[in-house]
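Notebook open, viewer open. I want to look up a few residues and then go through the helix pairs.

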Amino acid sequence: MPDRREQNLKIALVIVGLIFIAGVYPMMLVWPSGWAWTPPQAEYQVMILGIYVTLGVFLLLAARNPMAHRSLIWFTVWSSAVHAAIMAVQAVMDPTERGHLFGDVPALFLVAIVLALLMPRGADATA
């Protein structure tokens, strides 16, 4: 993997990790229509926060040596894309949830796209 690409991947992992750790909960409070389901569901919010804070910590750890944590990074890519796709369908079907189409849905697709583009392919993937 070229040094520049790996450095960009490390930076992206740190940014995404920090957002997952410290950004999801404030967004649920500041912009609930784009980041939390209506009506507010405390159990759902705690579950989502538990998952994303944990994933964020592991992404920060992976930033030290991304190639040793390829499976975690690809899990983040695919789980983010699947989560966003499911939420998008639900938001389209339920008019009260349309704000997600401008909040967490594009945010999760962005995470998936950025990390996927920065991950090595071919011979670089085994380095």
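**Val92**

I started with Val92, which sits in helix H5; helices here are DSSP runs of H or I with at least four residues, numbered from the N terminus. This is a predicted model, where local features need pLDDT of at least 70 and side-chain atom pairs count only at pLDDT 80 or more, while totals for chains, interfaces and linings use all residues. Residues are numbered from 1 along each chain as its sequence is written, and side-chain values use heavy atoms, with hydrogens and water left out.

The cut-offs are under 20% for buried and over 50% for exposed, with partly exposed in between (1.4 Å probe, protein chains only). I then looked for contacts, meaning heavy atoms within 4.5 Å. Leaving aside neighbours within four places in sequence, Val92 is in contact with Arg98 and Leu101. I also took a C-alpha distance back along the chain: Val92 to Val82 is 15 Å, for ten residues of separation.

**Ser80**

Ser80 is in helix H5 too. Its relative accessible area is 1%, so I put it down as buried. What does Ser80 touch, not counting residues up to four places away in sequence? I listed Phe75, Leu108, Val111 and Ala112.

**H5 against H6**

Two packed helices are described by the angle between their axes and the distance between the axes. The axes are lines fitted to C-alpha atoms, for helices over the stretch in contact, and the angles run from 0 to 180 degrees between N-to-C directions. For H5 and H6 I read an angle of about 155 degrees and axes 8 Å apart.

H5 passes H6 in a left-handed crossing, which is to say that the near helix is turned anticlockwise from the far one by less than a right angle (clockwise would be right-handed). Ser80 turns up in this contact on the H5 side, along with others including Trp74, His83 and Met87. The H6 side includes Asp104, Leu108, Phe109 and Leu115. By class I noted 15 nonpolar residues, three polar and one charged. Nonpolar covers Ala, Val, Leu, Ile, Met, Phe, Trp, Tyr, Cys and Pro; charged is Asp, Glu, Lys and Arg; the others, Gly among them, are polar.

**Gly103**

Next came the loop between H5 and H6, where Gly103 lies. Gly103 counts as buried at 4% relative accessibility. Which residues does Gly103 contact once neighbours within four places in sequence are left aside? They are Trp31, Gly34 and Trp35. The C-alpha atoms of Gly103 and Met28 are separated by 10.0 Å, and these two are 75 residues apart along the chain.

Phe20 is in helix H1 and is buried, with a relative accessible area of 5%. Leaving aside neighbours within four places in sequence, its contacts include Tyr52, Leu55, Gly56, Thr76 and Leu108. From Phe20 to Leu55 the C-alpha distance is 7.3 Å, across 35 residues of chain.

I followed this up with the helix pair. H1 (residues 3-22) and H4 (residues 42-62) pack at about 155 degrees, axes 7 Å apart, which makes H1 roughly antiparallel to H4. H1 passes H4 in a left-handed crossing. Phe20 is one of the H1 residues in the contact, and Tyr52, Leu55 and Gly56 are among those from H4. The classes come to 13 nonpolar, two polar and no charged residues.

**H4 against H5**

H4 and H5 pack at about 145 degrees with axes 10 Å apart, and their crossing is left-handed. H4 brings residues including Ile48, Tyr52 and Phe58, which meet Leu72, Thr76 and His83 in H5. I count off seven nonpolar, two polar and no charged residues by class.

**Core**

Last, the largest nonpolar core: 33 residues. A core here is a set of buried Ala, Val, Leu, Ile, Met, Phe, Trp, Tyr and Cys residues joined through side-chain atoms within 4.5 Å. Phe20, Met28, Tyr52 and Leu115 are among those with the most contacts inside it. H1, H2 (24-30), H4, H5 (70-93) and H6 (104-118) each supply at least two of its residues.

Terms used: Parallel < 35°, antiparallel > 145°, perpendicular 65-115°, else oblique.
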